[in-house]
Each structure stands twice: as C-alpha cells, then as structure tokens.
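Okay, thanks everyone, I'll keep this short. Have a look at what's on the screen and then I'll walk you through two spots.

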Amino acid sequence: MSYGAVHDDEHHDHKPTGIGRWLFSTNHKDIGTMYLVFALTMFFIGGAMAMVIRLELFQPGMQYVDPQFFNSMTTVHALVMIFGAVMPAGVGLANWMIPMMVGAPDMAMPRMNNMSFWILPFAFTLLLSTFFMQGGAPAGGWTMYPPLVLQLGDGLPFLIFAVHFLGLSSIMGAINIIATVFNMRAPGMTFMRLPLFVWTWIITAFLLIAAMPVLAGGVTMLLTDRFFGTAFFDAAGGGDPVMFQHVFWFFGHPEVYILVLPSFGIISQIIPTFSRKPLFGYASMVYATASIAFLSFFVWAHHMFTVGMPLAGELFFMYATMAIAVPTGVKVFNWTATMWKGSMTFETPMLFSIGVLFMFTLGGFTGLMMGITPVDFQYHDTYFIVAHFHYVLVPGIVFGIVAGVYYWLPKWTGVMYDETLGKWHFWTSTISVNVLFFPMHFLGLAGMPRRIPDYNTQFTDWNQIVSVGGIAFGLSQLILVWVVIKCARGQGEKATDQVWEGAHGLEFTLPSPPPFHSFTTPPEVTEATAHS
Amino acid sequence: MSVDKLKQTVLGVVAVSLFLASGAVFAGLADMPLNLTQGVTETSQRVYDLHMIILYIVTVIGILVFGVMCWSIFHHRKSKGAVAAQFHHSTAAEIAWTIIPIIILVAMAIPATKTLIFMEQTGDAEMTLKVTGYQWKWKYDYLDEGVTVWSALDQASNEARQMDSGIDPNTVENYLLDVDNPIVLPVNTKIRILTTAADVIHAWWVPALGWKRDAIPGFINDNWTNIKEPGVYRGQCAELCGKDHGFMPIVVHAVSKEEYAAWIEEQKAAALAAADGANREWTKDELLAKGKDVYAANCVSCHQANGNGVEGLFPPLNGSAIVNGSAADMIGLVLNGKNLMPAFKDQLNDADLAAVMTHERNSWDNTAKDIIQPADVKAAR
Ligand code: HEM
Ligand SMILES: [Cu+2]
Ligand SMILES: [Cu+2]
C-alpha cells in the first residue's frame, strides 16, 4: 500500500514539462536526477584527464603532453573528480532518497535546492575555461599550495571563484538536508530510527558546514596575496606558506569523510537487505560515524608531516590518526557481523557493497601505515599515497555510489536494471581497479614520487600494467551508462514496490517509480518497521 | 583423439603459455624492488623495521577480517539454504573489537614514538650542509667549508626527456636520476642537513637516508643523517614545484673522510679559478662556447632550445626587445629576475652570466650580435 500515490491522484500530478521542468525545478527527484547526471558527466571528464595521465606514463620519456599540461591534468582531474563527480553524486542520492526515507513530500527548501544545483555547472565552466587562458589551467596540484599556485597565470582568480561557488553550493545543500531531516520526519521516525544513509548524511552535512568556509577563507587569502598586496603566505612579508597547508587540510581531512560517509551509509542499507538480516550494531554505527567525524578535525597535519613540525605536534597528529582507525574498524566489523549467518544473495548492489568492504578496508590499512609518522617520511608524496587514496576513493567511495545507483535504480525508474550487465560491470571494474591501483603500492615503495610526468626506466613495467588497468577501468564504466540508459527508457522487467526481497524502509512502501511528491500524507513509523 | 583429450591438450598449452608469460613479466619486473629500501643509515633501518612491523600487523588483521567475510560469503548464502539469523547486536563483541584494536595501536605507537624522537635529535653534528631548492635545481652550501655546489639534471637525461627527442630513455644510464654535479658526503659522520628554498616549496628526498623533508622558502628545516656505507645514493624532489618538478634529481656520493677532504680542496681550487676568470677580458668565441653550456643548464627549461619560450608562461628570447636592446637592461634583468624568472645573481658567476647573455644576443634571429664581458656584469652587481 502506498501513501503518496492515492494522495497524488487527488491533486497536482501535473509535472512541469519541457526545459522549464529542469531549469526551474523545485522537485527533489528531478534535482536529484540532475545532480546524478551532472556527476556522471564530470566522472567521464575527469576520467578522460586520467587517461591522458596514464597514456603519458605508459612509457618513460615525454610522448604526448608537455610537463606543464601534465600537471594541469593531475590538478584538474582531482578537482573535477572530488568536487564535480563524488560530492554531487552524494548530494544527488541524498536528494532522491532522504525525503522518501524520512517520509516527507520533498526537501525542506526546494528553491534553495534548485540554486545549489545550478551553481555547479556555472562553477565548472569557470574552472574548465582556464584551459583556454593565458598561463593555462591550474597546475599546482588540487591542494593549491602557495607559493606555487600563485605562479598560475590568468586562471588563478577563476580557480578561486570556482572553489567559492562550489563551497556555496555544498553549504546550501547541507543546510537543506539538515533542515529536511530535523523538521520533516514522519511521526514516529525518531533519530534513532533513521536509516543509516540518512544518519551518515546529517553528519556529512555538519562536516560540510564546518569545513567548506575554512577552504573558502584559505583561497581568499591566496586571492588577496596575489592581487591586493597581502602576504599571508609569503615569508618575505612576514607570512608563512605552511599556514596555507594547515588551513587547507583543516578543511581537507574532514573533506575526505564528507566524501566517504555517504558511501558508508549506502552500504549500511544494502548489506542488511541482501543478507536478509538487520544491520548489526545500529547504535554503535551511529556513534562510530559521529566519532569519526569529530576526530577528523584533529588529524589534518598527517597530510603534512614533512613540513617540519615540532616533535610534540608530530606525536599528537600521529596518535590522533591512529585513534581514528578504531571507529573505522568498528564499522567494518559491524558490516561483517551483519553478513555473518545471514542468507545472502549477490545481486549487483550487494557485489559492489562487498567490493567496498574489502577494498576500502585495504585503503584503511595503508592509511594506518601512513599514520606512523616516521614511516610516512618515506611514503609521503610517493605513489604509495596515490595508491592509498585511490583505494579509499574509487573502490571505497565510487563503488559505494554505484552500489546505491543499482540498488535504487528500479525504485527511480520502475524497471529492473539488466542484472547480467550489472554483474559484468562489477567484475570488469573490480579486476581492472586492482590492476590499476595495486601496483602503485610497489611503485611508491620503490621510490617513484607522485605528480611526475616521466620516470626512471626501472619503473616502466609496473607503470604499463597500471596504465592497462586504467584504460580497462575507464572502458568498464561505459557498461554503467548502458545500464542506466536502458532503465531510463523503461526497458526491463517491471519493478515491485519493495524491489528487493529483503528491502525495508519507507522508500520501499512507495510505488516504483514513486509519485512526483513523495509522501503527501506522512506515514506512521514504529520500532518494528524501522529496524527490521 | 577424444574430446576430453583435446580439451586437456588445449588447457595444457594455455597453462604452460600463461606460466611462461607470467615468468617473462616477472623477470622484466625484477629490476624494481617491491618493498621499501632498508637504506644505509640507522634511521632508514629503523624506519624499515617499523614499516615491516605495521605491514605484518595489517596483513594478519586483513587475513582474519577478510577470512571471516569470505567464510560468510561462501557459507551463509541463500543458494546453500542458509536461513538468516535475526541477532543485531552483541555488547561483548562490540567491546572486544574496540578494545583489541586500541591495544594493538598502543603497542604500535611505542616504537613509532621512539623512532620519531631519535630522528629529531639534530644536535652535536660534525658538519652542516644547507640544501636550497630552486625551480628546478638544487644548491648545496657546505657551511663549514664555504663551498657551494649547484646540482641539476644531467645533460644526457635532459636531452632524452625533451618531447620528440628521438632518444630512447632506456639507452640513458640512470635516466632522470643523474645530475651534472653530484654532492659528496663523508661516511660515518653526523651531518646536519638544513633544507630551505628560494621560490616555491620543494622536498629533498634520498630514500636510502630514510626520510624526506620539505624545503620551504623563508624557513629552514633541521635534519640529520649519518651514512654507514660508501656508495652512490639517488633521490628526487618530492614536492610538486612546477613544470620541471619531475626533473630535479639528487645524487649523493658517500665516500671515506679522506676522499671527502680531498674533494673539498678540489672544489675550493675550482671556485678560485672561476673567480679569476671574471677578472680578465674574454674573446667572443670563448664566451659563445661557454654560453651555450650555461644556457643548456640554466635557461633551456623555460625559454626552450629554440629560444621561443612557452606561450603564456615564459616569453621568447628570440627576437626579444630586451635581448636585442641595451646590454645594461639585459644584465639588470638577468641578475635580479622578474616574476617567474629567477634572480641569477647568486646562482651564476660573472663569467657564466656574461657568456650566456652573449650567447643569447648572438643566437637565433637576434640582431644585437655584440658581446658582454664579465667585467660588465661585475660592475652591474
Ligand atoms: C583509516 C582511515 C584513514 C587513515 C588512517 C588515513 C590516513 C592518511 C594519511 C596519513 C595520509 C597522508 C599521507 C601523506 O600524504 O603522506 C592520507 C592521505 C590521503 N587520504 Fe587517507 N586515511 C584514511 C582514510 C581515508 C579516507 C576515508 C579517504 C577518502 C575518502 C582518504 C583520502 C585521502 C586522500 C585524498 C589523501 C591524499 C591527499 C593528497 O595529498 O592529495 N583517506 N590518509
Ligand atoms: Cu587525512
Ligand atoms: Cu619538486
């Protein structure tokens, strides 16, 4: 039985039509769709840049691009992937799912929702237009360290304003999510009954509100250093270049949790569904997520151990970094315990979630290794680091997002996706992602620095393997596009309301696809319906 | 031949060729170590030991956790008739998997703290080397001896790494890991190494010494090393520092104390000879010959071999108003730098500067064709 549908027939199911439906949309589903399509597009743009990088690194010597352009590729690849692909994908999923999961008709602030989306294409136009400017696109790394970043040509203010706009968009999205969850929960939907995806998103939203302004402040200081004669980061004027790194990573470390927490939330929905068993340790999951978020504000300097901090500082950040492994471990153990003695099936969303479980954990292990300060003096700024953060970002986060897409796609479109294609997508992605990133550990340990366009000949073989993995991974993602297009066109078996045998939650009480305004009559939530 | 036999043969052939192929791959991969170096200092050995301990710890945890996951995946599946249990928490388990990791982490933190404290003991060094990062080379000052060495990518690598150079990097020995002037350090000596930079942040890293440290403009970082074995140790800049970040290697020759003392004397003599050169009149041919080399070592990375620069970043020297204008203006600019152009007054001596400017004024389509004498440069300082 569906609450929304009955109600919906009564009044407005007249969706706006034409381009206006999208430009002026205030509907959480349409905006969610736009976020997701935008994210997928940026994923391919950022991916194309990664292909340029891997092509140049396929053999020693400079073959295709000059070193400056190579640096632009690494820099813009990272910015596009982080701010253009992963973050918007997370917000897109939140838009689609949170109102349905808490039993609301829409987001709390629909107009702001529209604006926070439409800022994004604008911000990325600013960023990508720098490729055509005097001095080229940003090439000082996504971390934008001065003084190097200040050597950028005309593109610098465009980079800075793009970052400002992205921050603005994220903060608006975060406020909206918090307002929705705090004010629009259905009767009986207490905080400790919220689905974990909603929980991880509230915590992410608070992280966004706390962290994004710090980044905005930091880049504004870059702007005034370059154009208005300040010397925040210039030692000659009494400033300190390392100060920027502190500011950046005070944003940057919470940022990595902004990226990963929604993915944790997604697999916390999926693993119970396909294990046909309630999530193990719901409360400890919530507390672990909150402690990770809290601790994430006290570990930033582990990204900059080599700048030369006092011993006490190095020790503090080493201990804090090691401490964050504890709540992270709790989450991994809880997911494992959820599968334990379950009755598992392995549809595509479950496969991707298990992929997250294994490969995120692997990235966590290397994170722990890097947290040991004296050893990080060797690892830092090598391919070992590149391996670490790609394990947490790609099979850890992107796989989580993809799992969510497969999980809810039948709900969104009303038809089941093609399971065979989904399985192909999973296996090709999983094999290639490991061929792509695992050897990077070896390269880093053997001494290959990161962010270099050319290398000593001893590194050739493993780089070739990595590049082959990269291209295979890139091509594998086309399968996802194919799957999504098929569903969007309505090709596939009709999906039931519950979609999956083991699925629980309010979103699965609505029809597939759900009505334009999700719940117009609030559903009633009880302990039994919330945690089962 | 039966179908089964055929199948067996085909499988056999496939298996053998896969085996051979993987053997070939690993033979080819053999020249690259797969693990962190043990290095040649006590620091690097301690760091290596810590790396191995933590690697073993995470491997054991990994085997346990992944083992449980795999067990569950294989046995608790619906297709095997598994029926889902309905438990959803266990306080005992949750406490256990919070406390046990804490114990492991504390056990890990103790040796890590000891090593870190050991690495920070920069006192009572027997000599001091100051390392300054420049875009894109290193300057080494032996502070106790007054000796300075400039060290940049060697000529052979530099030529091979140009786009369309037509040179196969595999034919260049130590491709990208060799420099024109390696530095020499004595073994069994506690050496204090100060790192700083002149323009942007760089990082000085020789893996065999066991650490890297940022070189930050306006600040000086304190480090030390004590090399146990003579040998040649190579490293690279490890902090993105612009266009040629990938092309500023480091080479350390560790030698006996006697050899080191001899090398220092040689350096001092060479510095005297160079200073002498600045006091005499040079012929145009002498200047042009020297200028070509100085250009290749110091200018080519930005202004390019054809003198046309890089559009939007580095202006052309070919046809430039300054290069073809008054000698005084050009000397002033090269000595003091401008925007992205570094100040060369501390980097090159009078003779080098005179030679390279003469070379530029006489190259490509430039029309100045005059000469600049070391004395002119000296006067402009
Ligand atoms: C157990 C959890 C984790 C620990 C202990 C950890 C630790 C670290 C450390 C110590 C570094 C700095 C290494 C260096 O540059 O020398 C680092 C880098 C990085 N980590 Fe993690 N990490 C963890 C999880 C994550 C997660 C969840 C993400 C992403 C969602 C992430 C993303 C990154 C990124 C992007 C960098 C590199 C940033 C850059 O230099 O550009 N890490 N991590
Ligand atoms: Cu971090
Ligand atoms: Cu560098």
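So, let's start with the metals: the copper ion, ligand 2, and the iron atom of ligand 1 are 4.5 Å apart. Keep in mind that this is a predicted model.

Which protein atoms are the donors of that copper? There's ND1 of His253(A), plus NE2 of His302(A) and NE2 of His303(A), and they lie 1.7 to 2.1 Å from the ion.

Now look at where two of them come from. His253(A) is in helix α8, residues 241-275 of chain A, while His303(A) is in the loop between α9 (282-295) and α10 (311-339). That pair is 50 residues apart and links distant parts of the chain.

And are they buried or exposed? His253(A) has a relative accessible area of 6%, and the cut-off for buried is under 20%, so His253(A) is buried. His303(A) comes out at 21% relative accessibility, so that one counts as partly exposed.

Where does the largest share of the patch come from? That's helix α15, residues 460-488 of chain A, with three residues.

Take Ile471(A), which is found in that helix, α15 of chain A. Its relative accessibility is 38%, so Ile471(A) counts as partly exposed.

That's it from me, happy to go back to either spot.

Methods
Residues are numbered from 1 along each chain as its sequence is written. Chains are lettered from A and ligands numbered from 1 in the order in which they are written. This is a predicted model: local features need pLDDT of at least 70, side-chain atom pairs count only at pLDDT 80 or more; totals for chains, interfaces and linings use all residues. Side-chain values use heavy atoms; hydrogens and water are left out. Donors are N, O and S atoms within 2.8 Å of the metal (3.2 Å for Na, K and Ca); water is not among the atoms, so sites may look incomplete. Helices (H or I, at least four residues) and strands (E, at least two) are DSSP runs, numbered from the N terminus. Buried means under 20% relative accessible area, exposed over 50%, partly exposed in between (1.4 Å probe, protein chains only).
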